[in-house]
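Work through the following exercises with the sequence and the predicted model at hand. Each task is followed by a solution in steps.

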Amino acid sequence: MSTVATPRGRSSQRRTRCKCAGGGGGDRAAACCFNPLRSLFRCPGRGRGRRSRSRSRHTTPSKVRDASVAGGVEQQSEEPSFFVYAMPNQGGGDGVTADHSKKKKKKKHSKPRLPSIRSCFRGKKNKERKANAAAVVARRQALTPAPSLVTHPPHSPSTPEKTQAATPSATQPPSPAVTENGRTNSPATPNRIIPATPRPGKHSTSSASAPSPFPPQWQQPKQVEGLEIVEVATGERLSAHDVGLIEMVGSSADVSAESSVKSSLDYANDPPQQLTVSSKRKPAVVKVTEPTRVWLNGNAVKGKAGERFTGPPVAGEADELWAHDIACSRVHAVMLAETSWAKRTPSATILMAAATSQSFLSPAPNPLLRPRILPFPAGGSVSLRGRRPAFPSVAAASTSMASSESEERKETKLWGGRFEEGVTDAVEGFTESISYDWQLYKYDIMGSKAHASMLAAQGLITAGDKDIILEGLDQIEKLIQDGKFEWRTDREDVHMNIEAALIEKVGEPAKKLHTARSRNDQIVTDLRLWCRDAIDKILFRIKQFQVSLVLLASKYVDLIVPGYTHLQRAQPVLLPHLLLSYVEQLERDAGRLVNCRERLNFCPLGACALAGTGLPIDRFKTAKDLKFTAPMKNSIDAVSDRDFVLEFLAANSIAAVHLSRIGEEWVLWASEEFGFLTPSDSVSTGSSIMPQKKNPDPMELVRGKSARVFGDLMTVLTLCKGLPQAYNRDLQEDKEPLFDSVKAVLGMLEVCTEFAQNISFNSKRIQSSLPAGYLDATTLADYLVKKGVPFRTSHEIVGRSVALCVSKNCQLAELGLDDLKSVHPVFEGDVYEYLGVENAVNKFISYGSTGSEQVKKQLEDWRTQLGISS
Ligand SMILES: N/C(=N\CCC[C@H](N)C(=O)O)N[C@@H](CC(=O)O)C(=O)O
């Protein structure tokens, strides 16, 4: 059965008024005036009469009303501007749309619809004439997979014969819907995070059981597979070409049109709650029967004059680039198919037709593009930051708990005694952290074990209870590692998930674990332990990169390269000297991390909420068991501060600066212009269009990822700056940037290492480039200084010598002694021992310089320090 839809979109999109004559004067005109597609499509406020007459073969507005009624929809008094249909993106469903397009094309468009779009633009100049020239039909690709959809609207103007009865069982949204905070709340979420469960109390928000307190237009719509917007007056749907044109126009010519398409996407991804769908694959349309309200530019536009609604913005999957990418490909394919060349060339036509075929238009969803499930990171590695949380996928197929099951379960929170009702789904989704802090599980369990042992040692729990707790925690850890643990968002975070699971598993003894402990000291203990390990991992990767650099340096001991300042040729340097300069920088990066690790390695556990406890705990024991240096001295400080996170992120940021600079240098050197290094294919990528290209993407991304590392630091700095002392929930936000930064830096180091292992320096090219730039000029100045000439004077003399070379188009070493003497008589025959890059390099003798002896020594030192055997 059909029900009323509540379209929604984004707020605060750009919206301008239609300049149609009807502008706000009548109901239809009002709808038009807030229709951002107005520049493309007929303004109902103006062209209605004519259109209705001229297209009377299509469903009339009254028929559409009938259709809605037939679908069980309570009718609004106003005619709809558009209908929105959802379409499947799999299999047969597409056939409907493809057929439809074909049919339409046959019937009405011997030529593609470009002329009608052109007429839309002409319509800007001549609205009266063009007001009834275009229909609004927007269709978007399915954004998430679903086994099947859907139904066709009863009395659909285009394909009424395909109408299907609604199947209530199929009314579930096909895929995870994303809420405003970016968390998925769909029951279909295919992972082990169990979504919000209905709770007792008046805020229970199960859509099935309790009506939303919001008026329909503000309710969170669910997700559908795709959509069509059908102009009611004509019943016309959009062909692929229409969509393309809308998008092209929207992106290049008409911002409002673009955003309207985006609004449509929002709608597609956050469809009305009461969509009617059937389990049949064909025909593939979901009817949305909110006839007078259309979400445009993030605003619900009511058909009724001037009545508008602005709902909260929605983060839908349509915001994800892959959906837009598919749409753009579709536009492009259609454009290709319609070129006159394609039409004249049978093979091209076939190719293009294939490109625009339904499988292309509605590709099977690629599971890799579904970011909600990420592989469970083995060994406690970190996951993506994000609005899209990294959920453990953990054997979802075998053990996943159906969300419907979980919805039936009602659990009192661990703090349930004080509360009469549960939080709303929105609050639960907004406040949970389990979607990312599950990564702390190993440390949380470690802390709990140390705590339980301490409680037992202090006689606060029995040895038997301790053993049961430890055994239970071991089992839970195993479950997590095996991907069999059920993470629940209604248990908020890693602490409560594990504690609640432990209580479920071992009963009463587990209820004693939280004695003399709070989540405030627990989380910061977990975090310090996590940081400690993360630092160790980064230190290891730094060392790997250093080793690679030293090995590279050892391979090119004698290779002289131009040294640059201001990116202008300056002086010759030995390549190993340059490579070892990176090694030195990395060593300081490591040093900062080591210092940070030392400073953070103090134990907050036992600080409890903020004030400590009146129970006789032994914080020294816990600290020792967890391999902390000592317990933190001040319990308020222990739970308050995240300076260790900041320090870590700052150290990461500085390391990222260094890595980014290496990235930049190697990207430059790999360019045709420099041609100094060649990355192997294994660390290069190609171009989708330019067959000859080989891009050093990994190093570009090393440079690029530094940006997010800096951003992570900035996030936590900003997070912490305004907090009053002791724990504040804001601090929960420290984790994602922390995880993100560590992940990025680890990745950067890994890729740099691999790049270093897979590049070769082009000695010939480098050597042939050396004569340019008078790299030996400064050495010549040193020669004159050795001859007793004051440096300023020698600088002047060499400057004139270079000018002479420029006039003669030669190198300094190519000047005859007479030439040099003509500049200054101080030059003698020994001057040639200083000229030329080899001579110049050999003259460097200062400590740490690029002189061969110095570099050899540096290299040896590093090999020893890094344990590289000869
Ligand atoms: N809610 C709370 N701490 C939550 C800490 C864990 C949180 N997921 C985080 O990551 O910071 N503090 C309570 C005490 C508690 O829940 O243990 C309070 O101070 O009132």
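**Exercise 1.** Determine which residues Ile 469 touches, leaving out those up to four places away in sequence, and decide whether Ile 469 is buried or exposed.

*Solution.* Step 1: locate the residue. Ile 469 belongs to helix 18, which covers residues 463-481.
Step 1: list the contacts. Beyond four places in sequence, Ile 469 touches Ala 452, Ile 461, Leu 502, Pro 509, Ala 510 and Leu 513.
Step 2: check the accessibility. The relative accessible area of Ile 469 is 0%. Buried means under 20%, so Ile 469 is buried.
Step 3: take one C-alpha distance. Ser 448 is 21 residues from Ile 469 along the chain, and their C-alpha atoms are separated by 8.9 Å.

**Exercise 2.** Find the backbone oxygen that the side chain of Thr 622 reaches, and describe the surroundings of Thr 622.

*Solution.* Step 1: Thr 622 is part of helix 22, residues 619-625.
Step 1: the side chain of Thr 622 reaches the backbone oxygen of Asp 618, at a distance of 3.0 Å.
Step 2: leaving out residues up to four places away in sequence, Thr 622 touches Ala 450, His 451, Met 454 and Leu 605.
Step 3: with a relative accessible area of 1%, Thr 622 is buried.

**Exercise 3.** Ala 516 and Asn 809 each have a positive phi. State where each residue is found and classify each as buried or exposed.

*Solution.* Step 1: read the angles. Phi is near 55° for Ala 516, a residue other than glycine. For Asn 809, also not a glycine, phi is near 55°.
Step 1: place the residues. Ala 516 sits in the loop between helix 19 (494-506) and helix 20. Asn 809 sits in the loop between helix 29 (791-808) and helix 30 (817-823).
Step 2: classify them. Ala 516 has 10% relative accessibility and therefore counts as buried. Asn 809 has a relative accessible area of 69%, so Asn 809 is exposed.

**Exercise 4.** Describe the shell around the ligand: which residues form it, which helix gives the most to it, and which polar side chains meet the ligand?

*Solution.* Step 1: name the shell. Ser 433, Asp 493, His 495, Ser 518, Arg 519, Asn 520, Ile 523, Tyr 727, Gln 732 and Lys 735 surround the ligand.
Step 1: Two residues of the shell are nonpolar, five are polar and three are charged.
Step 2: sort by origin. Helix 20, residues 519-555, gives the most, with three residues. Domain 1 (425-515) and domain 2 (517-764) each supply at least three residues.
Step 3: collect the polar distances. An oxygen atom of the ligand lies 3.2 Å from an N or O atom in the side chain of Ser 518. For the side chain of Tyr 727, the distance from an N or O atom to a ligand oxygen is 2.5 Å. A polar side-chain atom of Gln 732 is 2.9 Å from a nitrogen atom of the ligand.
Step 4: consider the surface. The ligand taken alone exposes 490 Å², of which the protein buries 75%.

**Exercise 5.** Summarise the chain as a whole: how many helices and strands does the chain have, and what percentage of the residues count as buried?

*Solution.* Step 1: the chain has 32 helices and 17 strands.
Step 1: of its 870 residues, 53% count as buried.
Step 2: among contacts with a separation of 6 or more, 79% are between residues 24 or more positions apart.
Step 3: the chain exposes about 36,600 Å², and carbon and sulfur atoms supply 55% of this area.

Notes: Residues are numbered from 1 along each chain as its sequence is written. This is a predicted model: local features need pLDDT of at least 70, side-chain atom pairs count only at pLDDT 80 or more; totals for chains, interfaces and linings use all residues. Side-chain values use heavy atoms; hydrogens and water are left out. A residue is near a molecule or strand if one of its heavy atoms lies within 4 Å of it. A polar contact is a pair of N or O atoms within 3.5 Å; within protein, one must be able to donate a hydrogen and the other to accept it, and residues adjacent in sequence count only if both atoms are side-chain atoms. Accessible areas come from the Shrake-Rupley method with a 1.4 Å probe; for residues, only the protein chains shown count as cover. Helices (H or I, at least four residues) and strands (E, at least two) are DSSP runs, numbered from the N terminus. Ala, Val, Leu, Ile, Met, Phe, Trp, Tyr, Cys and Pro count as nonpolar, Asp, Glu, Lys and Arg as charged, and the others, Gly among them, as polar. Domain bounds come from an automatic or database domain assignment. Buried means under 20% relative accessible area, exposed over 50%, partly exposed in between (1.4 Å probe, protein chains only). Contact means heavy atoms within 4.5 Å.
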